Amino acid sequence: MSSSDVPALRNGLSVLRLLAGHAGPVSAAAIARDLELPRSTTYHLLNELTAAGFVTHLPAERRYGLGIAAFELGSAYLRHDPLERLAGPLLRKLVDRIGHTAHLGVLHGNESLYLIKERPARPETLVTDVGVRLPAHLTASGRAMLQHLPAAHVRALFPAATSFVLRTPRGPNSLAALRRTLATERRLGWSVEDGHVTAGFASVAAPVFDHGSRPMAAISVTLRHLCPDEGPCEETFPDLAEAVAATAATLTTHIGGTRPKRDPVAGQPVPQKASRDAGGQDRTPVPPRQPLP
C-alpha cells in the first residue's frame with residue numbers, strides 16, 4: 001500500500017462506520033452527503049466494498065447495507081473476548097490498589113451477569129462469581145448500566161411487579177422505586193448498593209460505554225459494610241467511587257468507547273470521551289462527590 005492509498009482506506013472505513021450506525025440500508029447520495037465525499041468517489045468505494053463482501057447493494061431500493069464479510073469480521077472480534085481481555089489487567093490493578101474484590105458485569109435481560117472477578121490477597125466470601133446472575137435492580141453494577149438506558153427500555157426490562165424480586169428487605173421493589181433510585185444515583189454520578197444483595201456487604205459501580213455511548217458493562221467493587229437496622233444507609237463511598245470510575249473510564253478508552261454527551265433519561269450533560277495525558281494516565285473527569293439526598 002502506498003501513502004496515496006491511505007485516504008481511500010480511511011474513506012472506505014468511514015463508509016462502513018456510517019452503514020453500521022444506521023438501522024437500515026442507506027442510499028449512495030446520503031452516504032456522499034454525510035461523509036462530504038464526491039459522488040464518483042462514493043460509488044467507487046461502494047463498488048470496491050461490495051466486491052469484497054463488506055457491503056451489499058440492494059438494486060430494488062437503490063440502497064446499500066453491510067455485507068456478510070462485515071458480520072464475519074464482527075463475529076471474529078467477539079470470539080477474541082476483547083472486553084474480558086482488556087478489563088482483566090485493569091481490574092487487577094484496581095484490586096491491588098483498594099484491597100477489595102472487583103467485578104466486570106454486563107446486563108443479561110434484567111439481570112447482572114458477572115464475567116470477571118478479581119480478588120485481593122485476603123478475599124471476603126461473596127455470592128458473586130463468574131457466571132453468576134443477580135437481579136440488576138439490586139446490584140450496583142446493574143443500576144450503573146440501567147441509569148443510562150432510556151426510560152422505555154428500563155420499563156420493558158421490568159414489566160410487572162413480579163420482576164422486582166428481593167434478596168433482603170432493602171432495594172427497589174417497584175418500577176417507581178427503581179426510577180427514583182436511578183435518578184438519585186444519576187445525580188450522584190455512580191451507583192451504590194448497601195445490603196441489597198447480601199446483608200453486611202456494599203458495592204460501588206460505574207459504567208463502561210461502547211462506541212455508540214451505550215452502557216455495555218460495569219465495573220464494581222464490593223466490601224463489607226453494615227447498615228443500620230432501620231432506615232437507609234447514607235454512605236456513598238466517594239473514594240472507592242473515584243477509583244472505580246477512573247478504571248471504567250480507562251476501559252471505555254481501551255475499547256474505543258465514548259461517554260454520552262447527554263444522559264438519555266435525565267437530559268443532563270455528562271463527562272465526555274475518556275482521554276489520556278502524555279504519560280498514558282486517564283484524565284477523564286470523575287463525577288463530583290455529592291451526598292445522597
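Is Phe237 buried or exposed, and at what relative accessibility? At 8% relative accessibility, Phe237 counts as buried. Buried means under 20% relative accessible area, exposed means over 50%, and partly exposed lies in between (1.4 Å probe, protein chains only).

This is a predicted model: local features need pLDDT of at least 70, side-chain atom pairs count only at pLDDT 80 or more, and totals for chains, interfaces and linings use all residues. Residues are numbered from 1 along each chain as its sequence is written, and side-chain values use heavy atoms, with hydrogens and water left out.

**View 1. The whole chain.** The protein chain comes to 9 helices and 8 strands. Helices (H or I, at least four residues) and strands (E, at least two) are DSSP runs, numbered from the N terminus. Of the 293 residues, 44% count as buried. Among contacts with a separation of 6 or more, 58% join residues 24 or more positions apart. Contact means heavy atoms within 4.5 Å.

**View 2. The largest nonpolar core.** This core has 31 residues. A nonpolar core is a set of buried Ala, Val, Leu, Ile, Met, Phe, Trp, Tyr and Cys residues joined through side-chain atoms within 4.5 Å. Leu104, Ile219 and Leu251 touch the most other members. Two or more residues each come from helix 5 (82–98), strand 3 (101–108), strand 4 (111–118), strand 7 (201–209), strand 8 (215–224) and helix 9 (238–254). Helix 9 gives the largest share, 7 residues. Another core, of 14 residues, lies apart from the largest one. Val15, Ala28, Ala30 and Ile31 are among the members of that other core.

**View 3. The surroundings of Leu104.** Neighbours within four places in sequence are left aside here. Leu104 is in contact with Leu83, Ala87 and Leu91, among others. Its contacts also include Leu113, Tyr114, Leu115 and Ile116.

**View 4. Helix 2 against helix 3.** Two packed helices are described by the angle between their axes and the distance between the axes. Helix 2 (residues 28–35) and helix 3 (residues 39–51) pack at an angle of about 115°, with their axes 9 Å apart. Axes are lines fitted to C-alpha atoms, for helices over the stretch in contact, and angles run from 0 to 180 degrees between N-to-C directions. The crossing is right-handed. A crossing is left-handed if the near helix is turned anticlockwise from the far one by less than a right angle, and right-handed if clockwise. From helix 2, Ala28, Ala29, Ile31 and Ala32 meet Arg39, Thr42, Tyr43 and Leu46 of helix 3. The residues of this contact divide into 6 nonpolar, 1 polar and 1 charged. Ala, Val, Leu, Ile, Met, Phe, Trp, Tyr, Cys and Pro count as nonpolar, Asp, Glu, Lys and Arg as charged, and the others, Gly among them, as polar.

**View 5. The cover of helix 2.** Ala28, Ala30, Ile31 and Ala32 are the buried residues of helix 2. Their cover includes helix 1 (6–20), helix 3 and strand 2 (63–66). Glu36 follows helix 2 and has a positive phi, near 55°.

**View 6. The aromatic pair.** The structure holds 1 aromatic pair. The ring centres of Phe158 and Phe164 are 5.1 Å apart and their planes stand at 25°, so the pair is stacked. Rings of Phe, Tyr and Trp (its six-membered ring) pair if their centres lie within 6.5 Å; planes under 30 degrees apart count as stacked, over 60 as edge-to-face and the rest as tilted. Phe158 is buried at 2% relative accessibility. Phe164 is buried too, with a relative accessible area of 7%.

**View 7. The loop between strand 7 and strand 8.** Asp210 has its place in this loop. With a relative accessible area of 14%, Asp210 is buried. Beyond its neighbours within four places in sequence, Asp210 is in contact with Met216, Ile255, Gly257 and Thr258. Asp210 and Leu251 are 41 residues apart in sequence and 9.7 Å apart in space, C-alpha to C-alpha. Ser213 lies in the loop between strand 7 and strand 8 as well. Phi of Ser213 is positive, near 65°. Ser213 is partly exposed, at 22% relative accessible area.

**View 8. Phe237 and helix 9.** Phe237 is found in the loop between strand 8 and helix 9. Phi of Phe237 is near 55°, a positive value in a residue other than glycine. Ala246 is found in helix 9. Ala246 is partly exposed, with a relative accessible area of 23%.
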